[in-house]
Amino acid sequence: MTASKRPAAKAVRAALTPPKGKRSRAPKTAPVGAVIGWPPDEDRVEEIFSRLAGVMPDPKTELDFVNPYTLVVAVALSAQATDVGVNKATKALFAIADTPQKMLALGEEGLIPLISSIGLYRTKAKNVIATARILVEKHGGEAPLNRADLQALPGVGRKTASVVLNELGIEPAIAVDTHVFRVSHRLGLANAATPDKVEAQLHKVVPEAWLPKAHHWLILHGRYTCLAQRPKCGACVIADLCPSRASFVGI
């Protein structure tokens, strides 16, 4: 390993490896598994996604939404929050404010009580109302469905834009959240130290045919099977293809 690559590899291990001592009930980190070289074998990658497609043929976001605008809002609200928690809040919210115009009329004071169960709700309320104002004033009251305009909205970063564009079938984007980051490293699909770099690596190694749904397969696999602290290797359809499996058997 060259000197230039050592800091990145160390950063990945530091970010994913739990500290020594008693394991926390709510760990902020997760064991990465084996240290794996990159790029991965093409046939193994093809088989990984073929099997994931077999058990999840039509994966979708677990966030509830009724139109592109509410999808943008739901994804923005989901930062540092669970999809389940966001859905509980947006059920009432979208019943009365499912357009930028209605959201703007609701205002921060009306929005805050509806999303107060979600983390960072005051900041998110400010951003949602600011976004609604921009959409009304600059985009005809519609959510813009291109990356540049989406990322220009308050509280909408690259990850949120990627989720929206992928879910609506506009761009085969891969939003790298904590699940995608973890699963990609464990499977050897990526070894970079930052989400943006992992995203770039995934776009290089995931076969084109699987790209439109790769984001969802990796997230759902990480959410329900390849868990952070205790992955369910015994129930995993790609366990025999995972170079990290040996690191977790018996934990």
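1. Helix α9 covers residues 178-187, and nine of its ten residues are buried, so it is largely enclosed by the rest of the structure. Buried means under 20% relative accessible area, exposed over 50%, and partly exposed in between (1.4 Å probe, protein chains only). The buried residues are His179, Val180, Phe181, Arg182, Val183, Ser184, His185, Arg186 and Leu187. Helices (H or I, at least four residues) and strands (E, at least two) are DSSP runs, numbered from the N terminus.

2. This is a predicted model: local features need pLDDT of at least 70, side-chain atom pairs count only at pLDDT 80 or more, and totals for chains, interfaces and linings use all residues. Residues are numbered from 1 along each chain as its sequence is written, and side-chain values use heavy atoms, with hydrogens and water left out.

3. The overall fold comes next. The protein chain has twelve helices and zero strands. Of its 251 residues, 45% are buried.

4. Both ends of α9 have a feature to check. At its start, a side-chain oxygen of aspartate 177 comes within 3.1 Å of the backbone nitrogen of histidine 179. This is a polar contact: a pair of N or O atoms within 3.5 Å; within protein, one must be able to donate a hydrogen and the other to accept it, and residues adjacent in sequence count only if both atoms are side-chain atoms. After α9 comes glycine 188, with a positive phi near 75°.

5. Look at arginine 186, which lies in α9. Arginine 186 is buried yet has no salt bridge. A salt bridge is a side-chain nitrogen of Lys or Arg within 4 Å of a carboxyl oxygen of Asp or Glu. The nearest side chain of opposite charge is aspartate 177, 12 Å away. A polar atom of the arginine 186 side chain does lie 2.8 Å from the backbone oxygen of leucine 227.

6. Serine 244 also meets arginine 186. The serine 244 side chain reaches the backbone oxygen of arginine 186 at 2.7 Å. Serine 244 sits in the loop between α11 (211-224) and α12 (245-248). It counts as buried because its relative accessibility is 0%.

7. The loop between α3 (68-77) and α4 (83-96) holds threonine 82. Threonine 82 counts as exposed because its relative accessibility is 53%. A polar atom of its side chain lies 3.0 Å from the backbone nitrogen of glycine 85. Threonine 82 and glutamate 62 are 20 residues apart in sequence and 9.8 Å apart in space, C-alpha to C-alpha.

8. Most residues other than glycine have a negative phi, and most peptide bonds are trans. Glutamine 80, in the loop between α3 and α4, has a positive phi of about 55°. Glutamine 80 is exposed, at 73% relative accessible area. Leucine 120 has a positive phi of about 60° and lies in the loop between α5 (100-115) and α6 (121-138). Leucine 120 is partly exposed, at 48% relative accessibility. The peptide bond from tryptophan 38 to proline 39 is cis, with omega near 5°. Proline 39 is in the loop between α1 and α2.

9. Aspartate 41 lies in the loop between α1 (6-16) and α2 (42-55). At 46% relative accessibility, aspartate 41 counts as partly exposed.

Definitions and conventions:
Lys and Arg count as positive and Asp and Glu as negative; His and the chain ends are not counted.
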